[in-house]
Amino acid sequence: MYTKELTLYKDKLSSELEQFDFEIYSFSKRNTIEQPHLYNEISTYYRFVVVTNGSGYFNCDGIKYHLNKGDVALISPYCVYDTVFESESSSFTSYSLLFDLTDEKKRSVFKNMFSVDNISVYTSIITPTVVPIIENFYVQSQSHIQGGNFSIKLLLLHALLAIQLKFPQNNNTIQKLHNYSANESELVSKCVDYIKDNVYKNIKVSDICAYTNVSQSYLYRCFQKTFKLSIKEFIDMYKFRQIEIDLAQTNLSIQEIAEKYSFSSLYAFSNAFKATYGVSPVTYRHNCLLSKRN
């Protein structure tokens, strides 16, 4: 006895999703509250975050984007935000995937389809049955098992499909970035890449002006329009975010960190850090260690 075969026609949503191809850059897990508040997070790629336990929120331009277990977030490149874990969520767990579209011409289509300008949060996308699969994909990626990268891409595709099925023609109200031209966008992207590649050096605004061949006033306007920060403020913010990570996650001494980021002296580094965070680098590291123990 044979079952009649039905012709499967490609539906509109499948066709729309198939136009995108993605490059996967990293897949990470956060399963403890090492720091209850992470300031000025930023990435040059899209970030996909899925919460598998606990709750927290992102803070961008004064707007709070809350996430609970099963929620996912899409964060656009160059979005500056803070991450806050709810105090009661001692067992907070999330997975973070950095990706970008292989075809830059498709970015605007992707952005419009998923309404991603800064941060978009989609509720109850990941079901409990999917959580063990995500955990398994993470283990595979850490073990460099063959096919691991493809598995992670499947996770992203699964989530994007689930978002479109649950929120068709998504009309989430989210904080919009100011409009700026393609040339300005390309310039800002080029500057951010330069800062990222030279973060350990004593970067000056004049260095970036020479690199991009534009005036300091024009560069200032572009960064103000995109980030609401001057380029000098952005450089400092990005550098200190990397320093935070080194203080919290490495065994480098304070002196070694000061030298790594080209501060003229340990005294200059400590003063600059305290002016930014209100505490010394030593106190900041001590607080991180206490948070881990708790």
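Student: At about what angle does helix H3 (residues 131–143) run to E1?
Tutor: This is a predicted model, in which local features need pLDDT of at least 70, side-chain atom pairs count only at pLDDT 80 or more, and totals for chains, interfaces and linings use all residues. Residues are numbered from 1 along each chain as its sequence is written, and side-chain values use heavy atoms, without hydrogens and water. Helices (H or I, at least four residues) and strands (E, at least two) are DSSP runs numbered from the N terminus, and angles run from 0 to 180 degrees between N-to-C directions of axes fitted to C-alpha atoms, for helices over the stretch in contact (heavy atoms within 4.5 Å). Helix H3 lies across E1, E3 and strand E8 (93–101), and its angle to E1 is about 105 degrees.

Student: Which are the edge strands of the open sheet of five strands?
Tutor: The strand order is E1-E8-E3-E6-E9, with antiparallel pairing (at least two DSSP bridges between two strands). Pairing on one side only marks the edge strands, E1 (22–30) and E9 (119–122).

Student: Which residue in E6 is the bridge partner of Val50?
Tutor: Strands E3 (residues 46–53) and E6 (residues 72–75) pair in the antiparallel sense over four bridges. In E6, the partner of Val50 is Val72.

Student: How are H2 and H4 oriented to each other?
Tutor: The axes of H2 (residues 107–114) and H4 (residues 148–166) come within 11 Å and cross at roughly 50 degrees. Angles under 35 degrees count as roughly parallel, over 145 as roughly antiparallel, 65 to 115 as roughly perpendicular and the rest as oblique. The two helices are therefore oblique.
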